[in-house]
Amino acid sequence: MKTLKQTYLNNKFFFALFGVGICYVLAFFFPFMMWMANSLLIFVLLLTIVDALILFQNKEGINAQRILPEKLSNGDENSVKVDIRNNYNFNINTNIIDEIPFQFQKRDFLIKKNIESGNNTFFEYILEPKERGEYSFGNLNIYVNSPIGLVSRRFTFQKDAKLPSYPSFIHLRKYELMALQNEFLLGGIKKIRKLGHTMEFEQIRDYVQGDDIRSINWKATSKSSKLMVNQFQDEKSQRIMMLIDKGRTMKMPFNGLSLLDYSINAAMALSHIILKKGDRAGMMTFAKKTENKVAADNKSGQLRKISEALYNVQTDFFESDFGRLYQDTKYHLNQRSLVLLFTNFETLDALNRQMKYLRGIAKNHLLVVVFFKNSEVHKLLNTNPENMQEIYDEIIAEKFEFEKKLIIQELRKYGIYSIYTLPENLNIDVINKYLEIKARGIL
């Protein structure tokens, strides 16, 4: 019974039966063709039996495995690899149907491969998750045809494989290299200029051409009879705290990802840079209350702690309680820190309702409010209207954009920094702001 369930008749078989049927129809008008129709039917049936026998002569006709990454990176292209070996003594044609997780809503997955006898074929396909959480794979189904091609045999491998999707981590190495060089690509190269020295002295060393003459240590120079300079390094172990709003305003989607997902991915990228710079990274989420707290630290394993805390965070559709956030921040952050608040204000009134709490946080910490440009509105600002409807749309878009500029001015009035960016540029803009603050030594 199991063998029968794994055997399928191909289109070639039904085309052959169709040809036999035509012969029988012709035999109705021309009786002498009846023997031809009978002979053809017997031949097709015998050939089908032979095809089935040669497919099932080898119990392990093929071996295959789906090679999955340890975890998926949310919002990025993830590679899934498949390796198939042909153990038959003839070439085979295969139809590969992988039952990928339902979250991708892909129901037309089909890859065709021809594999020579005794050889392997290796290929990969790309999955781009838009949600964090657990993804379940079904069967890896491979339908094998012999050169005759009347019958297919199904092989099934790796049923019910599960894979977690974590906040974006694929590009962390790229951001690290760019941060070490103090440059990021965003419509060209933006370099962060060092302004003066921080207060953290590192060593006295020999002067080399190009050193700032203001760094010359004249006392050490007089003792050694050669120019010596003081070398400084970025102040380390500074506390950087990321507060991520998971209220209903962060559910807004852009290019398949919510604002919450963009914020979480940016927090992961920034945490990686913070730790590489020797500072302490921490985070918490908030809506009705603060959750997922990770204290600021720079010990090994800190990035993993942050990733685990953010792994399955979802919006809860409540109005975010900034009063509770202020109280918890005051309680948990007892030393001056750089606080990056990922949220979204659409109107100046929305900001003013929370301003007293933001001012309270900014009183003891360096506060940076991160909020978002609306991608669709931004597109309307860069179009040339051709009719009344498009003119109306552009005017409304300009009104929304002007409101956002008022929000930036209101924050600046109270000494609160801001990052106003498109969701897709968030990672680079947030890291740039952190490097700028480090370079200016204002923390």
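# Exercises on a predicted model

Helix H6 (residues 259-276) and helix H7 (residues 302-310) pack with their axes 10 Å apart, at an angle of about 170°. The model is predicted: local features need pLDDT of at least 70, side-chain atom pairs count only at pLDDT 80 or more, and totals for chains, interfaces and linings use all residues. Residues are numbered from 1 along each chain as its sequence is written, and side-chain values use heavy atoms, with hydrogens and water left out.

## Exercise 1

Describe how H6 and H7 are oriented, and list the residues that meet.

Step 1. Two packed helices are described by the angle between their axes and the distance between the axes. Helices (H or I, at least four residues) and strands (E, at least two) are DSSP runs, numbered from the N terminus. Axes are lines fitted to C-alpha atoms, for helices over the stretch in contact, and angles run from 0 to 180 degrees between N-to-C directions.

Step 2. Take the angle of about 170°. Over 145 degrees counts as roughly antiparallel, under 35 as roughly parallel, 65 to 115 as roughly perpendicular, and the rest as oblique. H6 and H7 are therefore roughly antiparallel.

Step 3. Look for contacts, meaning heavy atoms within 4.5 Å. H6 supplies Ile264, Ala267, Met268, Ser271, His272 and Leu275. H7 supplies Gln302, Leu303, Ile306, Ser307 and Leu310.

## Exercise 2

Step 1. A salt bridge is a side-chain nitrogen of Lys or Arg within 4 Å of a carboxyl oxygen of Asp or Glu.

Step 2. Check the cover. Buried means under 20% relative accessible area, exposed over 50%, partly exposed in between (1.4 Å probe, protein chains only). Glutamate 410 is buried because its value is 15%. Lysine 413 is exposed because its value is 56%.

Step 3. The whole structure has twelve salt bridges. Another one joins lysine 130 to glutamate 128, at 3.0 Å between the closest N and O atoms. Lysine 130 is partly exposed at 30%, and glutamate 128 is partly exposed at 33%.

## Exercise 3

Find what glycine 75 touches outside its sequence neighbourhood of up to four places.

Step 1. Locate glycine 75 in the loop between strand S3 (72-73) and strand S4 (78-86).

Step 2. List the partners: Glu128, Pro129 and Leu257.

Step 3. Compare sequence with space. Glycine 75 and leucine 257 are 182 residues apart in sequence. Their C-alpha atoms are 7.0 Å apart.

## Exercise 4

Which element holds asparagine 255, and which holds asparagine 292?

Step 1. Asparagine 255 sits in the loop between strand S17 (253-254) and strand S18 (257-258). Asparagine 292 belongs to strand S20 (residues 290-297).

Step 2. Read phi. Asparagine 255 is not a glycine, yet its phi is positive, about 55°. Asparagine 292 is not a glycine either, and its positive phi is about 50°.

Step 3. Read accessibility. Asparagine 255 is exposed at 57%. Asparagine 292 is partly exposed at 29%.
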